[in-house]
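The sequence and structure follow.

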Amino acid sequence: MNLKKLMLAVFFMGTFAILESQAQELGLRFGNANGNNVALDGVFALGEFSRVHGDLSFGGGGVGIDLLWNPIYRPIPDTELNYYLGFGPSVFLGEPFLLGAAGEIGAEYEFPDFPLIVGLDWRPYFMLVETTFFDAAGFGLNVRWRLN
């Protein structure tokens, strides 16, 4: 089982490192992120209205990794806000080891004259491996710096 955990950790960290080198936004996420309290937060554009939202979270006795695809990323009409919906794999490297999926719905504001993005989101988790459970307490505050 330890070899499986190590291989999965290397896969997720490698994927996160590759995506990070292509990041458009980097920052922090505060709040419940895969059972942890704070996460390194990155956004990687896949086109005008699609992106990958990745988190590497710490605290709570382990390290969590989320790679969520946001196929819907659009402006909210008549506001300065954008909304997004997404889903993807989630892993917690700790005791117990957890593997499952996360969903995401959120809204964010991009400052027009300053490279800062601030957003709020809700991220429910459905974990399947080592224990099976649903966690709907995944609210968070995102603060990211726009790189380009």
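Met 127 is in contact (heavy atoms within 4.5 Å) with Asn 34, Ser 90, Leu 98, Leu 99, Gly 100, Thr 132 and Phe 133, leaving aside its neighbours within four places in sequence. The model is predicted, with local features needing pLDDT of at least 70 and side-chain atom pairs pLDDT 80 or more, while totals for chains, interfaces and linings use all residues. Residues are numbered from 1 along each chain as its sequence is written, and side-chain values use heavy atoms, without hydrogens and water.

Met 127 also belongs to the largest nonpolar core, together with Leu 68, Phe 92, Leu 98, Ala 102 and Tyr 125, 6 residues in all. Strands E6 (98-110) and E8 each supply at least two residues of this core. A second, separate core has 5 residues, among them Leu 56, Ile 65, Leu 93 and Phe 97. A nonpolar core is a set of buried Ala, Val, Leu, Ile, Met, Phe, Trp, Tyr and Cys residues joined through side-chain atoms within 4.5 Å. Buried means under 20% relative accessible area, exposed over 50%, and partly exposed in between (1.4 Å probe, protein chains only). In soluble globular proteins, nonpolar side chains tend to be buried together.

Arg 123 sits in the loop between strand E7 (116-122) and strand E8 (125-129). Arg 123 counts as buried because its relative accessibility is 0%. Its side chain makes the two polar contacts tabulated here; such a contact is a pair of N or O atoms within 3.5 Å, and within protein one must be able to donate a hydrogen and the other to accept it, with residues adjacent in sequence counting only if both atoms are side-chain atoms.

| Side chain | Partner side chain | Polar contact |
|---|---|---|
| Arg 123 | Asp 55 | 2.3 Å |
| Arg 123 | Glu 104 | 2.6 Å |

Beyond four places in sequence, the residues in contact with Arg 123 also include Arg 29, His 53, Asp 66, Leu 68, Ala 102 and Asp 135.

Pro 124 lies in the loop between E7 and E8 as well. Pro 124 is buried because its relative accessible area is 13%. Pro 124 and Gly 138 are 14 residues apart in sequence, and their C-alpha atoms are 5.4 Å apart in space.

Two backbone features follow. Most residues other than glycine have a negative phi, and most peptide bonds are trans. The peptide bond from Glu 95 to Pro 96 is cis, with omega near 10 degrees, and Pro 96 lies in the loop between strand E5 (81-94) and E6. Asp 78, in the loop between strand E4 (62-75) and E5, has a positive phi near 65 degrees. Asp 78 counts as exposed because its relative accessibility is 84%.

The chain as a whole has 1 helix and 10 strands; helices (H or I, at least four residues) and strands (E, at least two) are DSSP runs, numbered from the N terminus. Of its 148 residues, 43% count as buried. Among contacts between residues at least 6 apart in sequence, 47% join residues at least 24 apart.
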